[in-house]
Amino acid sequence: MTFYRGQQLPLEMHKVRIIQKLTLLPIEQRLEAIDQAGHNTFLLQNADVFLDMLTDSGVNAMSQDQQAAMFQADDAYAGSSTYTRLYNKLVEIFGMKYFLPAHQGRAAENILAQVLVRPGDWVPMNYHFTTTKQHITAHGGKVIELIKPEGLEVTSDNPFKGDLDVPRLRNLVATYGADSISSVRVEAGTNLIGGQPFSLANLLEVSKACREHGLILVMDASLLADNLHFIKTREAACADMSIREITRAMADAVDVIYFSARKLGFGRGGGICIRDEALYKRMRGFVPMFEGFLTYGGMSVREMEAITIGLEETMDEDMINQGPQFIEYMVNELNRREIPVITPAGGLGAHLDAMRFLDHIPQPEYPAAALASAVFIASGVRGMERGTMSEARDAEGVEPLADMELVRLAMPRRVFTLSQVNYAIDRIDWLYQNRRMIGGMRWAEEPEILRFFYGRLEPVTDWPNELVARFREDFGDSL
Ligand code: F0G
């Protein structure tokens, strides 16, 4: 953050040299588009979207060095020197001897679940991610979330809401025995609770408990870049450490690191770094079975080159602070307008609290889904529902209500300008003034697996058309 006439503003340490033209459809066409998409922002056509804040996955802007490296890729089915460059970079950064490539993060989760999860056993973690939980439960494992209670407080000034509650982990071991635990998972930049980081101190405590009981500790490093930024800027004991030193301290504390390179490394791919040879050998066979040969694992060599450079750039504070600083700006501006938003600002994106934004909509009517739809109608900004719609029904068909009803407005790195962010804030502000007009949703079509990706909803009343009419009263002919 840099001071500019008394106000704190994020200042980009890069310039934009390649652009993509955007269109902003009139609100009537935005309503038509979201209607056709079953009010599910995943089903929108990107051409109908103005600012795509669905995710930061695979849509971050690359650096010129990444793009240049893509031209040097070594096309080979086996033994590509592109793989060697990626492998060497991972060893340099994380210090683990073994690496298995995979086509994206969930593919790494598949391999980990195949090897680590035993039916009926626990998989404790700070918090679940959708695809993680699906893989673990599909193998009969039981996910248990050990996030500290503060982690679920929507508004807070706790800098590390992603911390795992170590006494509860120790309790779990004492109650059921270490043998009943398949592995322990910590997720950097905890996605579903608002991109909230854990501290290095907490990770070291988790690690100590795991080592005392011989438990394998796995770190999901997909959102590591944000977590690194927060450790550096929020954890006093780490203020003098370089990003590289913090990274190594984190890696040294765990046994396995897996990641989605659609986030970590600003590319598209994924993989698993493993310390132990025996464990590596147990996982290895699944790569050719599900992904591709061991030296590409489903990734294109061009993407692997980009990831190698992206990982190096992740060690640069000026490269990894752009996302969190834009998010902090957006969160602070929303908060200043009293619009309910998760605080403190995390990584990944700004998260609107639909439970408070739409406190008149009962949770079984999917307030977060309704808000995601309303945000798109009002602005052309595509966010993502992260609430009950993103949960899965249990074996009896009962739908768990989510801990939080959020609309995530992701901040792809180095993609949007501050005026675009200000536009989004202004439209959300208008929506907040008119929030009582927004109504609930119900399923029109509910898939069994990962329903939020392609399920279709419909409004319980005609609120979307009424909202468009109000917009026209307030905005006249404007888009
Ligand atoms: N773990 C975390 C913490 C993630 O955020 C993601 C993906 C994955 C694993 C799976 O990785 O998509 O490469 O298969 N998060 C994306 C998102 C989908 O939009 O937050 P993937």
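## Domains

The protein chain is divided into domain 1 (2–56 + 321–475) and domain 2 (64–318), with bounds that come from an automatic or database domain assignment. The centres of the two domains, taken over C-alpha atoms, are separated by 27 Å. Their contact (heavy atoms within 4.5 Å) takes 31 residues from domain 1 and 37 residues from domain 2.

This is a predicted model, in which local features need pLDDT of at least 70 and side-chain atom pairs count only at pLDDT 80 or more, while totals for chains, interfaces and linings use all residues. Residues are numbered from 1 along each chain as its sequence is written, and side-chain values use heavy atoms, with hydrogens and water left out.

## Nonpolar cores

A nonpolar core is a set of buried Ala, Val, Leu, Ile, Met, Phe, Trp, Tyr and Cys residues joined through side-chain atoms within 4.5 Å. Buried means under 20% relative accessible area, exposed over 50%, and partly exposed in between, with a 1.4 Å probe and protein chains only. The largest core has 63 residues, and those with the most contacts inside it are M330, L352, L371, L409, L431 and I438. Helix α16 (residues 367–379) gives the largest share of this core, ten residues. Helices (H or I, at least four residues) and strands (E, at least two) are DSSP runs, numbered from the N terminus.

Apart from its neighbours within four places in sequence, M330 is in contact with A350, L409, M411, V421, A424, I425 and I428. A second, separate core has 55 residues, L164, C210, A225 and A261 among them.

## The largest pocket

Pockets and cavities are found on a 1 Å grid over the protein atoms alone. A cavity is a set of points where a 1.4 Å probe fits but cannot get out; a pocket is an open set with protein on both sides within 12 Å along at least five of seven lines; lining residues have an atom within 4 Å of a point. Grid points are joined across faces, edges and corners, and a volume is the space filled by probe spheres set on the points.

The largest pocket holds about 1,300 Å³ of space. Its lining has 34 residues, with I18, I19, A61, R414 and V415 nearest the centre. Domain 1 and domain 2 each contribute at least three residues to this lining, and β3 (51–52) and α2 (64–70) each supply at least two. By class, the lining has 16 nonpolar, eleven polar and seven charged residues. Here Ala, Val, Leu, Ile, Met, Phe, Trp, Tyr, Cys and Pro count as nonpolar, Asp, Glu, Lys and Arg as charged, and the others, Gly among them, as polar.

R414, one of the residues nearest the pocket centre, is in the loop between β14 (406–410) and α17 (418–433). R414 is counted as buried because its relative accessibility is 10%. Its phi is near 65 degrees, a positive value in a residue other than glycine. Most residues other than glycine have a negative phi, and most peptide bonds are trans.

## Cavities

There are five cavities of 30 Å³ or more in the structure. Helices α4 (105–116) and α5 (130–138) each supply at least two lining residues; α4 gives the most, with four. This lining divides into eight nonpolar, three polar and two charged residues.

The second largest cavity has a volume of about 110 Å³. Of its 14 lining residues, A225, D226, K263, F266 and R413 lie nearest the centre. Two or more residues of this lining come from each of α8 (224–234) and α13 (317–320). The lining consists of six nonpolar, four polar and four charged residues.

## Individual residues

F266, which is among the residues nearest the centre of the second largest cavity, lies in the loop between β9 and β10 (270–274). F266 has a positive phi of about 50 degrees although it is not a glycine, and at 6% relative accessibility it counts as buried. S260 is in strand β9 (residues 256–260) and is buried, with a relative accessible area of 9%. Beyond four places in sequence, S260 is in contact with G105, S222, G269 and G270.

F286 is in helix α11 (residues 286–290) and counts as buried at 19% relative accessibility. Not counting residues up to four places away in sequence, F286 touches I111, Q114, V115 and E291. The peptide bond from T343 to P344 is cis, with omega near -5 degrees; P344 lies in the loop between α14 (322–336) and β11 (349–353).
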